[in-house]
Amino acid sequence: QVVQLAKSNGTTLQPIAPYRYYAFPGFDRAANGDFVACWRNGYAHSGDVGWIDQSISHDNGNTWSTPVTVHLEATLDSRQALLTTLSNGDMLMALYMSDVTGNVTNILRLRRSTTNGATWGAAVTVASSFTQWVACAGKIIERSGKLLLPVYGQNIGDTHSSIHVLVSSDNGATWPNEYLVANGQVDVVDYQEPSLVDDVAN
């Protein structure tokens, strides 16, 4: 987090440029041993067009490359860039976008790197059955030849959010299977920001 300087206009604190709000980091070790870190860059916690910056360390975190922007979409707030290195050496970045123009339907995206995070392929949309909004907060887990992506969201007409898990059997090319984990509408509670824990070797 950079130093946040602010001045008072009498009622609230206003940021003094240059001001940045760095948040929602992702991190993993690439297949070649490099550390790859990414995070949301923006001007506020939400409600503005955020983008994803990235830095790479070739020496176990002692030094880091100059940050570069790896994902930016106009009118969309890019958030929660989550990194996972697969057993085949690919690195996946799962993230979601919210429309700052007022559309509450979030968009799940997936990026793939075959160069240990040095470059990234085009973003592809990952479909979910949630009809109002969907988001991710926990990284993709690889287990027994399948990829699992925990997501949370809400359906139109519901008053509470639920948790699903999306499953891919082709290294993230498609995500045809979706499973309900926790039903917030039935339990009358908001289930949010799920993560999966992989406690055994692949």
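The side chains of R112 and D90 form a salt bridge, with an N to O distance of 3.1 Å. R112 belongs to strand 9 (residues 107-113), while D90 sits in the loop between strand 7 and strand 8 (91-99), so this pair ties together parts that lie 22 residues apart in sequence. R112 is partly exposed, because its relative accessible area is 25% and the buried class is limited to values under 20%. D90 falls below that limit, at 13%, and therefore counts as buried. The model described here is a predicted one.

**Salt bridges**

Side chains of opposite charge can pair when their charged atoms come close. Over the whole structure, the search finds 6 salt bridges. Among them is the bridge between the side chains of D77 and R40, at 2.7 Å from N to O. This pair links distant parts of the chain, with D77 in strand 7 (residues 76-85) and R40 in strand 4 (residues 35-41), 37 residues apart. D77 counts as buried because its relative accessibility is 0%. For R40 the value is also 0%, so R40 counts as buried.

D77 has a salt bridge to R79 as well, at 2.6 Å from N to O. Both D77 and R79 are buried.

| Salt bridge | N to O distance |
|---|---|
| R112 and D90 | 3.1 Å |
| D77 and R40 | 2.7 Å |
| D77 and R79 | 2.6 Å |

Through shared partners, salt bridges join R40, D48, D77 and R79 into one network.

**A buried charge without a salt bridge**

E142 lies in strand 12 (residues 141-143). This residue is buried but has no salt bridge. Its nearest side chain of opposite charge is that of R143, 8.6 Å away. The side chain of E142 does make a polar contact of 2.7 Å with the side chain of S87.

**Surroundings of S113**

S113 is placed in strand 9, the strand that also holds R112. With 0% relative accessibility, S113 counts as buried. Its side chain reaches the backbone nitrogen of T115 at 3.2 Å. A polar atom of the S113 side chain also lies 2.7 Å from the backbone oxygen of T119. Apart from neighbours within four places in sequence, S113 contacts D90, M91, A118, T119 and W120.

**Cysteines**

The search of the whole structure finds 0 disulfides. C38 is buried, with a relative accessible area of 0%. C136 is likewise buried, at 1% relative accessibility.

**The chain overall**

The protein chain contains 1 helix and 15 strands. Of its 202 residues, 44% are buried. Among contacts with a separation of 6 or more, 43% are between residues 24 or more positions apart. The chain exposes about 10,300 Å², and carbon and sulfur atoms supply 55% of this area.

Conventions: Residues numbered from 1 in each chain as written. Predicted model: local features only at pLDDT ≥ 70, side-chain atom pairs only at ≥ 80, totals over all residues. Heavy atoms only, no water. Helix = DSSP H or I, 4+ residues; strand = E, 2+ residues; numbered from the N terminus. Buried < 20%, exposed > 50% of the residue type's maximum accessible area, 1.4 Å probe, protein only. Lys, Arg positive; Asp, Glu negative; His and termini not counted. Salt bridge = Lys/Arg side-chain N within 4 Å of Asp/Glu carboxyl O. Polar contact = N/O pair within 3.5 Å; in protein donor to acceptor, adjacent residues only side chain to side chain. Disulfide = S-S within 2.5 Å. Contact = heavy atoms within 4.5 Å. Areas by Shrake-Rupley, 256 points an atom, 1.4 Å probe, with all protein chains shown as cover.
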